[in-house]
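I opened this model to look up its helices and their packing. My entries are below.

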Amino acid sequence: MYGSTMAVSDPMFLDKTNPELWNSIGRFSKDVAKSYRAAGISDRTAELVNLRVSQINGCAFCLDLHARKALDAGESLQRITLLRTWDECGGLFTEEECAALAIAEATTGLPNPEERVAAVASARLVLSDEQVAAIQWIAIAMNAFNRISILSRHPVKERELGTTGK
């Protein structure tokens, strides 16, 4: 029996205890990727959204994973490092990326309705409705993965500086 070999304080990896649910969220994530790519959102921008959501939620495992994915997608270490302060970085992030990051924050933090509406309305000035919806789905998926990793206490493995650990 799974629980009888573990101390109650040991991590309980949700992906291992319910693999069918883990597989279904994996399929959902692949569908989200198809959707954002079809909307013209780059993997690089999607990874910025994933990173920002993971920063807000404090998910170390997802921050580690998506920083590596962002680097693989062509993102710079400088922009990854400054992502938490994206709105203070002048022209370092494009108008479209700023819109995407504002949507990510509104989707994750769920501010009051006026702020959520304002974030989406501002984003719609520079992004299509299809892109706005795709970015919201990216953030929704990342929020789910963050919660799975945080609740499971997925460990972060040490890596050498400059390696993506593929």
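The model is predicted, so I took local features only at pLDDT of at least 70 and side-chain atom pairs only at pLDDT 80 or more, while totals for chains, interfaces and linings use all residues. Residues are numbered from 1 along each chain as its sequence is written, and side-chain values use heavy atoms, with hydrogens and water left out.

**Asn 50.** I looked up Asn 50 and found it in helix α3, residues 43–57. Helices here are DSSP runs of H or I, at least four residues, numbered from the N terminus. Is Asn 50 buried or exposed? Asn 50 is buried, at 9% relative accessible area. Buried means under 20% of that area, with a 1.4 Å probe and protein chains only. Beyond neighbours within four places in sequence, Asn 50 contacts His 66, Ile 138 and Met 142. Contact means heavy atoms within 4.5 Å.

**α4 against α8.** Helix α4 (residues 60–72) packs on helix α8 (residues 129–152) at about 125 degrees, with the axes 8 Å apart. Axes are lines fitted to C-alpha atoms over the stretch in contact, and angles run from 0 to 180 degrees between N-to-C directions. The two helices are therefore oblique. That class takes what is left after under 35 degrees (roughly parallel), over 145 (roughly antiparallel) and 65 to 115 (roughly perpendicular). From α4, Phe 61, Cys 62 and His 66 meet Met 142, Phe 145, Asn 146 and Ser 149 of α8.

**α6.** Helix α6 (residues 95–109) has 15 residues. From first C-alpha to last it reaches 21 Å, close to the 21 Å expected at 1.5 Å a residue; the expected span is 1.5 Å times one less than the number of residues. I listed its buried residues, including Glu 97, Ala 100, Ile 103 and Thr 107. Their cover includes α3, α5 (77–82), α7 (113–123) and α8. Leu 110 follows α6 with a positive phi, near 45 degrees.

**Cores.** A nonpolar core is a set of buried Ala, Val, Leu, Ile, Met, Phe, Trp, Tyr and Cys residues joined through side-chain atoms within 4.5 Å. The largest has 26 residues; Tyr 36, Val 49, Leu 127, Ile 135 and Ile 138 have the most contacts inside it. Helices α2 (19–38), α3, α6 and α8 each supply at least two of its residues. Helix α8 gives the most, with 9 residues. Another core, of 11 residues, lies apart from this one; Leu 51, Ile 80, Cys 98 and Leu 101 are among them.

Definitions and conventions
Buried means under 20% relative accessible area, exposed over 50%, partly exposed in between (1.4 Å probe, protein chains only).
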